[in-house]
Amino acid sequence: GCFVFKPSAKKRRLSHGTAHDFRNRNDKSEDAELRFFTCQSLWNQIKSETEKVQEDLNKQLLDNLVSFLSRSHLKFQEKATEWTCQMKFREIPTAALVLGVNVTDHDLTFRSLSDLLQNNITPYVALLEAKDCPGIKNLMQKLMGQLMNCSIDADSLEDEDYVQVSQSRIRCSMSSLIKWYKSVTEKTDSETPSQKRTSSTYWQPPPVVVIFKDMESFTTKVLQDFIVISSQHIHELPLVLIFGIATSPMIIHRLLPHSVSSLLCIELFQSLSCKEHLSTVIDKLLLSDQFPFKLGEKVLQVLINLFLYHDFSVQNFIKGFQLCILEHFFSQPLSVLCCQLVDLKKRINSLSHDQCENIRRLPSFRRYVEKQESGKQIALLTTDNFLKEETERLLEDLHVYHYNYISVLRCLHVFTSSLPKYPLGKQIRDLHCACLENQVWETEEYESSLQLARMLNKSDLVTMLQQCVEILLSSSGKEFDKTVEKLKEFLTQFQNLEEAFQERDGSISSQKELQKKTDLYHLQKTLLELKESRRSKKLTKFEMLRFEVVDYIDCLVRKYLVPADHRTLHEILYFNTATVLRGHLNAAPRTALHTALNNPHWYLKNQVLKCDGGSISNKAPDICIVYKLHLECGRLINLVDWLEAFTTVVMAAEAPDADTASSDQVDDIIHARFIRAVSELELLGFIKPSKQKTDHVARLTWGGC
Amino acid sequence: RAEGSDRGRHRALQVKFVPDEEVLKHIADNTGVKARKDKAQLCISAKTFVKKLENISDNKAQEILEDKKYIAALGICAQDPMENGSSVSGGEIYSFQTPKRSSKMAELAYELAQTPEQSVASDHSKNLEKTAKSPDSSRRNTLQVNTDKIMCLFAWKWSLIKNEFVSTTPYRLRKRLAAPDSHLESESEYSASCSEEEDEKDQQEISTVLSAQKTPAKTKAASTPPPRNSLAKKIKEEKMSNLVEEYFEAHSSSKVLTSDRTLQKLRKRRLNQETLHDLLKKAPLPYAAEIKELNQQHESMFSKWLLQLHLGFNIVLYGLGSKRDLLEKFRTSLLQDSVHLVVNGYFPSITVRSILNSITEEVLDHTGTFRSPLDQLEFITKRFKEDSSLELYVIIHSLDSQMLRGERSQQILAQLSSLPSVYLIASIDHINAPLMWDQAKLSLYNWLWYETTTFSPYVEETSYENSLLVQQSGSLALSSLTHVLRSLTPNARGIFRLLAQYQLEKKDNPSYPGLSFQDFYQQCREAFLVNSDLTLRAQLTEFRDHKLIRTKRGADGVEYLLIPVDVSTLTDFLENEDEDV
């Protein structure tokens with residue numbers, strides 16, 4: 001069933017032309033190559049950015065782990081001195097690494113961990129996966145294989161043959177492992193220390209680190225055996241275990257009985273949750289002005305939902321992001337303009353006439369043109385150069401809009417994230433989505449959050465304002481100078497208010513002293529008066545100020561947080577075809593099958609097939625008819641009945657000349673068609689042959705009509 | 001034919017106008033006129049069915065609502081009217097199985113057959129359909145009418161085609177009469193089944209023109225519904241629990257309601273693979289133009305696929321219809337100049353090992369064997385990492401085939417596909433194919449999904465399928481039989497012949513348990529084929545190892561021997577043998 005096709009050596013393509021593929025379909029537009037390289041460089045930037053994020057996030061965790069290892073290592077060294085005392089315990093130092101449910105992301109963490117360990121601490125690191133270790137023997141085999149291989153890497157290749165031979169021959173047991181370890185450590189000891197010290201920074205003697213990538217999937221027996229055996233030898237072999245845990249640390253105790261888990265000296269390490277990881281990634285990728293490419297609301301929504309509802313995998317999120325970039329640059333010829341501002345002018349100037357036409361065809365641009373006066377309209381639609389100038393201006397505007405958008409979004413987030421019940425969402429991504437979706441100030445949630453903001457107390461308000469000032473100061477946009485000034489003014493006003501308040505405080509207290517002497521009746525009266533005055537009185541100064549602040553924020557929002565698709569030329573920078581993305585990442589094969597079988601008209605645009613409601617036409621393809629008929633049956637289907645029914649339908653669909661002489665042959669053909677349709681259904685997994693009764697098939701799906 | 005169906009329609013009319021109260025009364029006092037009772041039964045069975053249908057649709061409505069919520073939560077509901085699926089919700093696709101009668105199939109067939117020639121339909125049926133359209137209780141009426149109509153139609157047809165069939169029915173009825181199942185009430189509609197099915201009964205009845213013998217079993221079947229009727233509201237409230245109950249109801253009894261008819265009785269000759277192929281060639285492929293258009297749409301994606309493959313994604317194609325031709329076209333148009341591997345996953349003897357072997361041996365030019373597929377994979381990984389100029393396109397037709405769907409195979413393929421210079425493009429067909437992959441494998445595969453519904457017939461894919469044993473197993477089994485037998489000693493062949501002949505003699509006995517070992521030994525001795533019990537046993541072990549015979553222990557502890565091949569194949573086999581000798 002396998003066939004290899006090899007082209008003759010001559011024809012073989014030299015360095016593959018990925019860019020060539022890119023151009024293939026878009027041979028109309030000459031910018032394809034440029035577009036492709038923009039796309040690639042953008043993606044590479046983003047990739048390195050995400051890797052950096054990942055590294056930063058893991059740094060804390062890894063540092064902790066390293067310090068843990070060093071401590072455990074110390075213990076081992078001490079062992080030499082406190083030999084007897086340590087012997088009693090025989091505890092294996094163990095790190096339990098809680099990594100969260102997104103197992104697919106763990107690989108990256110483990111890889112960086114083992115790299116770090118191998119570079120800094122010990123050459124002897126073994127990564128074990130449950131699927132490789134169905135038994136203790138396989139585990140030992142794998143472990144020794146990895147350890148001895150890495151010893152080759154660490155040593156110079158002088159005695160490679162020796163190790164290679166021994167590896168295949170050696171009996172996989174703990175004692176041979178210890179023998180190996182001794183020989184290796186002795187060898188390094190005996191080597192000239194000066195040379196060694198310079199070449200490696202490993203601790204002496206280096207511990208052996210065994211990482212269990214997915215602790216939950218290991219069989220308990222294997223784990224127990226391994227732990228018990230190795231605890232016997234802990235004084236000879238400085239072993240350190242690291243468990244990768246996806247669920248909760250409780251699992252250790254569930255997997256291992258007390259007698260075994262007491263042999264471990266466990267320390268717990270918690271990695272950052274994947275949600276926080278995602279927030280950082282979004283923060284760094286989407287809410288930054290570093291990249292010209294942006295995601296539209298629906299696309300972002302799809303990606304976030306895939307993350308939240310399906311896998312919690314940041315890797316997949318990034319993969320989706322990559323796909324977005326690719327799609328955008330592939331399908332949008334104007335994406336050539338999706339570049340840094342520096343390059344923009346050059347690229348715009350080199351636009352061809354076709355590309356200019358493409359710009360004119362953009363819906364957002366058309367809306368823009370309609371708003372212009374007639375003279376300008378004509379110029380825009382006819383003169384390419386004028387169009388180019390205008391485009392450049394508009395795109396610059398768009399970039400500026402994005403800078404400002406981000407800053408103001410963060411400011412708004414400062415406010416909304418502290419409101420009770422988070423009407424606009426807790427995370428900044430929720431707010432981002434809401435703002436991209438439509439004009440956020442028209443939503444109810446925004447209204448209610450403003451209401452709530454009007455009830456904030458002063459200290460909160462002041463800290464928020466200070467945060468906003470910081471955000472705006474750190475942003476690169478120049479437009480915010482005024483805003484910052486205004487906010488600072490608010491802050492000083494609050495300050496003044498405080499002082500004024502204190503002064504007034506003094507006067508009130510003196511008033512109170514006066515009131516002490518009045519009798520009950522008077523007191524009541526004055527209180528009533530006070531109350532009345534309070535009701536009728538204008539708001540206090542503080543309240544006034546608070547209103548002012550909130551109004552100011554509101555007006556900032558209205559000015560800067562306009563949804564992106566209201567902006568002219570947003571199509572160039574924003575990718576918004578969510579359907580494509582979802583089709584590729586979160587496909588529903590079963591739905592597609594269902595549609596094809598129930599409603600063939602969806603795919604085959606033939607009027608005959610058009611039908612309303614749940615029924616299908618009797619002229620539908622055979623498999624649809626057979627499928628529809630089988631839906632009417634229970635668990636078992638009699639083939640004869642089925643054939644009969646099928647024949648009835650097909651005969652009716654074909655011309656009513658069923659009684660012609662060649663009916664026998666027609667019968668055979670129908671029979672053959674039936675067989676084909678049924679075996680297709682079997683291939684698709686709707687039925688399977690059944691032995692329960694002769695000539696019956698069993699249905700494999702539920703439900704129907 | 002016209003006469004028959006006319007009669008049927010009259011009957012349908014009568015049935016329809018029996019008022020409910022009357023029906024109930026009849027059932028209550030159980031002393032109605034025979035004929036009327038009959039009708040009542042029919043009417044009510046139809047009604048229960050409708051009731052069930054209603055429940056189902058209620059459930060479904062709720063499910064759909066929930067699904068909608070979920071979809072809305074996913075933020076995907078509104079945005080794609082154009083995309084696939086026409087917003088089919090999960091509930092429609094995955095609802096529970098409900099107990100059904102196979103008459104429904106016939107009924108639907110009839111409905112489907114009727115649709116285009118509505119003008120031909122008689123006045124009677126037109127009237128009926130009109131009244132049926134009145135909003136209240138419309139469904140019940142149509143259903144009822146249709147069931148009756150279809151039953152009559154089939155009854156008439158079948159009684160013409162196969163007299164022997166009709167004649168067998170009374171026997172079963174008699175058998176049923178003997179069965180003392182008076183206490184069964186609610187279960188009657190299931191217990192009644194096993195051997196027989198509703199519409200057969202009716203058919204029998206009608207063919208004997210309403211004067212058939214009245215069976216107690218039938219009245220029993222009729223007495224189920226009334227309590228349910230009154231519980232209608234309650235049932236609606238308990239939708240959820242009801243759903244569960246229905247599921248277990250459908251799966252609780254091992255007996256299933258289907259008719260007993262077999263293909264053999266149909267006197268239809270079996271088709272082997274070749275004739276099937278020829279016949280299908282004669283039948284024109286419908287909607288060729290539309291299918292071609294679909295394919296062209298897919299073909300326009302080719303360069304995009306290639307691009308995405310190069311960028312580290314792998315591509316999986318799904319959708320109804322064979323994707324073989326599409327992939328072939330992709331291969332011939334774009335991959336001619338590069339090394340590529342085509343794997344026919346549907347091939348019944350394909351294994352991961354053979355895939356890996358063809359990579360190591362033919363692509364990497366490595367001679368030598370490996371201890372395990374994992375070692376082999378490691379070797380491949382190493383080679384691909386070392387040599388960055390090495391590239392390989394892998395095309396797998398039906399990645400979800402029987403042989404490749406195993407966990408280990410998928411793991412290995414996934415790891416293979418995760419190599420940066422191995423580009424995998426595969427197709428899947430099975431509805432449950434995505435269940436093969438867990439998160440880890442999915443991330444290794446790094447799929448991009450493409451819907452490629454082609455509607456083209458699965459010619460190659462199903463030609464290996466041993467599926468419809470009915471039609472094609474014959475030749476395969478026969479050839480394997482003769483092959484194995486040829487390699488045996490003449491004595492062994494004689495022994496097998498003996499068994500085969502004996503089995504053929506007993507072919508008319510449906511409860512033939514097989515030949516008991518003692519009898520067989522006796523016969524073999526008489527034919528001078530064996531001289532001791534032990535030699536025969538040794539011989540039988542050999543047969544069993546080749547799956548030529550099956551042994552079964554009877555209730556009395558005696559060993560019975562059986563050739564697990566159907567009668568016609570066995571006959572063919574004996575004929576062939578005779579020719580050889």
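A: Happy to, and here is a short chat about some of its parts; keep in mind that this is a predicted model.

Q: Great. How many helices and strands does chain A have?
A: Chain A comes to 31 helices and eleven strands.

Q: And what share of its residues is buried?
A: Of the 705 residues of chain A, 51% count as buried. As for the surface, chain A exposes about 34,000 Å², and carbon and sulfur atoms supply 53% of that area.

Q: What about contacts in chain A between residues at least 6 apart in sequence: what percentage join residues at least 24 apart?
A: That comes to 75% of those contacts.

Q: Let's zoom in. At what angle do helix H28 and helix H29 of chain A pack?
A: The angle is about 100 degrees, and the axes lie 8 Å apart. H28(A) covers residues 589-598 and H29(A) covers residues 622-630.

Q: Is that parallel or perpendicular?
A: Roughly perpendicular, because an angle of 65 to 115 degrees counts that way.

Q: Which residues meet there?
A: From H28(A), His594(A), Ala596(A), Leu597(A) and Asn598(A) meet Ile623(A), Cys624(A), Tyr627(A) and Lys628(A) of H29(A). By type, the residues of this contact are five nonpolar, two polar and one charged.

Q: Switching topic: where is Phe575(A)?
A: Phe575(A) is in strand E8 of chain A, residues 574-575.

Q: Buried or exposed?
A: Phe575(A) has a relative accessible area of 3%, so this residue is buried, the cut-off being under 20%.

Q: Which residues does Phe575(A) touch?
A: Leaving out residues up to four places away in sequence, Phe575(A) touches Phe293(A), Lys294(A), Leu295(A), Gly296(A), Val299(A), Cys324(A), Glu327(A) and His328(A). Take Val299(A): Phe575(A) is 276 residues from Val299(A) in sequence, yet their C-alpha atoms are 7.4 Å apart in space.

Q: Now chain B. What does the UniProt record annotate at residues 290-451?
A: The unreviewed UniProt entry gives "domain: Origin recognition complex subunit 2 RecA-like" for those residues of chain B. In the model, this span is 46% helix and 17% strand, and its end C-alpha atoms lie 16 Å apart.

Notes:
Residues numbered from 1 in each chain as written. Chains lettered and ligands numbered in written order. Predicted model: local features only at pLDDT ≥ 70, side-chain atom pairs only at ≥ 80, totals over all residues. Heavy atoms only, no water. UniProt positions renumbered as here; feature names shortened; annotations may be inferred. Helix = DSSP H or I, 4+ residues; strand = E, 2+ residues; numbered from the N terminus. Axes fitted to C-alpha atoms, helices over the stretch in contact; angles between N-to-C directions. Parallel < 35°, antiparallel > 145°, perpendicular 65-115°, else oblique. Contact = heavy atoms within 4.5 Å. Nonpolar A, V, L, I, M, F, W, Y, C, P; charged D, E, K, R; others polar. Buried < 20%, exposed > 50% of the residue type's maximum accessible area, 1.4 Å probe, protein only. Areas by Shrake-Rupley, 256 points an atom, 1.4 Å probe, with all protein chains shown as cover.
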